[in-house]
Amino acid sequence: MGHAKTSYVCLPCRASYKQPYDRDRPHRTCPRCAEPLIHVGSAFAAPPRRDAAAWRTLSVLLNAGVRFHKSCCGGPGYRPRTPREIRERMTYARRTGEPFARALVRCEVP
């Protein structure tokens, strides 16, 4: 039986690839531009390539260390989808001192 596939993303190309996860080969490169791919997890759904705002949002999440791994109850939990949601959570994090990665995955911002 083959291994389950997981998603890898190339931010410059706005491309997502499903590939088997291999601990012996942690670094993969994009077939289009040869830049390193980012392992995002198996619960990832890529936005359309033409949706620049969604890819900017994704870039902020990935650079903050947020990934899309399945949890015990299904999906990865809440993830912001728009730049506005990102701005709200970043403002909250600056105001309260909460780490950005934790603030970005909050469902509600008080």
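1. Is Ala34 buried or exposed? With a relative accessibility of 55%, Ala34 counts as exposed, because the cut-off for that class is over 50%. Ala34 sits in the loop between strand 2 and strand 3 (38-41). Its phi is positive, about 65 degrees, although Ala34 is not a glycine. Keep in mind throughout that this is a predicted model.

2. Arg14 also deserves a look. Its phi is near 55 degrees, a positive value in a residue other than glycine. Arg14 belongs to the loop between strand 1 (5-10) and strand 2 (15-20). Its relative accessibility is 31%, so Arg14 counts as partly exposed.

3. Now take helix 1. Helix 1 has twelve residues. From first C-alpha to last, helix 1 reaches 16 Å, close to the 16 Å expected at 1.5 Å a residue. Its buried residues are Ala54, Trp55, Thr57, Leu58, Leu61 and Leu62. These residues lie on the same side of helix 1, because they cover an arc of only 155 degrees around the axis. Arg56 and Asn63 are exposed on the other side of helix 1.

4. What covers the buried residues of helix 1? The cover includes strand 1, strand 2 and strand 3. Helix 2 and helix 3 are also part of it. After helix 1 comes Gly65, with a positive phi near 95 degrees.

5. Setting aside residues up to four places away in sequence, Thr57 touches Pro80, Arg81, Thr82, Pro83 and Ile86. Ile86 is one of the buried residues of helix 2.

6. Helix 2 comes next. Helix 2 spans residues 83-96, 14 residues in total. Its reach from first C-alpha to last is 20 Å, close to the 20 Å expected at 1.5 Å a residue. Ile86, Arg89, Met90, Tyr92 and Ala93 are buried in this helix. They share the same side of helix 2, because their arc around the axis is only 160 degrees. On the other side, Arg84, Arg87, Arg94 and Arg95 are exposed. Note that Arg89 is among the buried residues.

7. Which helices do the buried residues of helix 2 pack against? They pack against helix 1 (52-63) and helix 3 (100-104). Gly97 follows helix 2 and has a positive phi, near 85 degrees.

8. Leu104 is the residue to check in helix 3. Its relative accessibility is 0%, so Leu104 counts as buried. Not counting residues up to four places away in sequence, Leu104 touches Val60, Leu61, Ala64, Val66, Tyr78, Pro80, Ile86, Arg89 and Met90. Among these, Ile86, Arg89 and Met90 are buried residues of helix 2. Leu61 is a buried residue of helix 1. Leu104 and Tyr8 are 96 residues apart along the chain, and their C-alpha atoms are separated by 20 Å.

9. His39 belongs to strand 3. With a relative accessible area of 23%, His39 is partly exposed. Beyond its neighbours within four places in sequence, His39 is in contact with Thr6, Ser7, Tyr8, Tyr21, Arg67 and His69.

10. Ala46 is in the loop between strand 3 and helix 1. At 40% relative accessibility, Ala46 counts as partly exposed. Leaving aside neighbours within four places in sequence, its contacts are Ser16 and Trp55. Trp55 is one of the buried residues of helix 1. Ala46 and Leu11 are 35 residues apart along the chain, and their C-alpha atoms are separated by 11 Å.

11. Last, the largest pocket. What is its volume? The value is about 320 Å³. Its lining has 15 residues. Ala45, Phe68, Arg79, Pro80 and Arg81 lie nearest the centre. The lining divides into ten nonpolar, two polar and three charged residues. Pro80 and Arg81 also touch Thr57, and Pro80 touches Leu104.

Definitions and conventions
Residues are numbered from 1 along each chain as its sequence is written. This is a predicted model: local features need pLDDT of at least 70, side-chain atom pairs count only at pLDDT 80 or more; totals for chains, interfaces and linings use all residues. Side-chain values use heavy atoms; hydrogens and water are left out. Helices (H or I, at least four residues) and strands (E, at least two) are DSSP runs, numbered from the N terminus. The expected span of a helix is 1.5 Å times one less than its number of residues. Buried means under 20% relative accessible area, exposed over 50%, partly exposed in between (1.4 Å probe, protein chains only). The arc is that of the directions from the helix axis to the C-beta atoms. Contact means heavy atoms within 4.5 Å. On a 1 Å grid over the protein atoms alone, a cavity is a set of points where a 1.4 Å probe fits but cannot get out, and a pocket is an open set with protein on both sides within 12 Å along at least five of seven lines; lining residues have an atom within 4 Å of a point. Grid points are joined across faces, edges and corners, and a volume is the space filled by probe spheres set on the points. Ala, Val, Leu, Ile, Met, Phe, Trp, Tyr, Cys and Pro count as nonpolar, Asp, Glu, Lys and Arg as charged, and the others, Gly among them, as polar.
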